[in-house]
Amino acid sequence: MEAKVLKSHYVEDSYGYFQLVQDDDSHFLVGWNAIQSVDNDDWGYSVHQFTTYEEANAAYEAQYAIDKDWGNTI
């Protein structure tokens, strides 16, 4: 199976971009490049692998909440 982007978030001038990707039938990747992240209070790039969509989606939503706190979402 080819990798498939399930969710993606980028807002121009927000300095933040993150994605939820399914790389095969049983693995999900959540990656971000953001001015602040759940991994690092400063600029950070990170990729995490999960075996369930629920875990991956929770990580994606946690990063999305940080971006919302920065006031960069619509």
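1. Basis of the model. The model is predicted, with local features requiring pLDDT of at least 70, side-chain atom pairs counted only at pLDDT 80 or more, and totals for chains, interfaces and linings using all residues. Residues are numbered from 1 along each chain as its sequence is written, and side-chain values use heavy atoms, with hydrogens and water left out.

2. Secondary structure. The protein chain contains four strands and one helix, in the order β-β-β-β-α along the sequence. Helices (H or I, at least four residues) and strands (E, at least two) are DSSP runs, numbered from the N terminus.

3. Strand pairing. Strands β1 (residues 4-10) and β2 (residues 17-24) run antiparallel and are joined by six bridges. Within this pairing, S8 has Q19 of β2 as its bridge partner. Strand β2 is also joined to β3 (residues 27-34), again antiparallel, by seven bridges; here L29 in β3 stands opposite V21. Two strands are taken to pair if DSSP finds at least two bridges between them.

4. Burial and surface. Of the 74 residues in the protein chain, 32% are buried. The classes are buried (under 20% relative accessible area), exposed (over 50%) and partly exposed in between, with a 1.4 Å probe and protein chains only. The accessible surface of the protein chain is about 4700 Å², and carbon and sulfur atoms hold 49% of that surface. Accessible areas follow the Shrake-Rupley method with a 1.4 Å probe, and for residues only the protein chains shown count as cover.

5. Among contacts in the protein chain with a separation of 6 or more, 34% join residues 24 or more positions apart. A contact is defined by heavy atoms within 4.5 Å.

6. Nonpolar core. The largest nonpolar core has nine residues: F18, L20, F28, V30, W32, F50, A56, A59 and Y60. At least two residues of this core come from each of β2, β3 and α1. The term denotes a set of buried Ala, Val, Leu, Ile, Met, Phe, Trp, Tyr and Cys residues joined through side-chain atoms within 4.5 Å. Neighbours within four places in sequence aside, A56 is in contact with L20, F28, V30 and F50.

7. Residue F50. This residue lies in strand β4 and counts as buried, at 18% relative accessibility. For F50 and S26, 24 residues apart in sequence, the C-alpha to C-alpha distance is 8.4 Å.

8. Aromatic pairs. Three aromatic pairs are present in the structure, and ring pairs link F18, Y60 and Y64 into a cluster. Rings of Phe, Tyr and Trp (its six-membered ring) pair if their centres lie within 6.5 Å; planes under 30 degrees apart count as stacked, over 60 as edge-to-face and the rest as tilted.

9. H9 belongs to strand β1 and is buried, with a relative accessible area of 10%. The C-alpha atoms of H9 and Y64 are 7.9 Å apart in space, with the two residues 55 apart in sequence. Q22 belongs to strand β2 and counts as buried at 14% relative accessibility. Q22 and F50 are 28 residues apart in sequence, and their C-alpha to C-alpha distance is 9.5 Å.

10. Residue Q63. Helix α1 (residues 53-69) contains Q63. The relative accessible area of Q63 is 1%, so this residue is buried. Q63 and Q19 are 44 residues apart along the chain, with a C-alpha separation of 9.8 Å.

11. Residue S46. Strand β4 (residues 44-50) contains S46, whose relative accessible area of 10% makes it buried. The side chains of S46 and H48 make a polar contact at 2.8 Å. A polar contact is a pair of N or O atoms within 3.5 Å; within protein, one must be able to donate a hydrogen and the other to accept it, and residues adjacent in sequence count only if both atoms are side-chain atoms.
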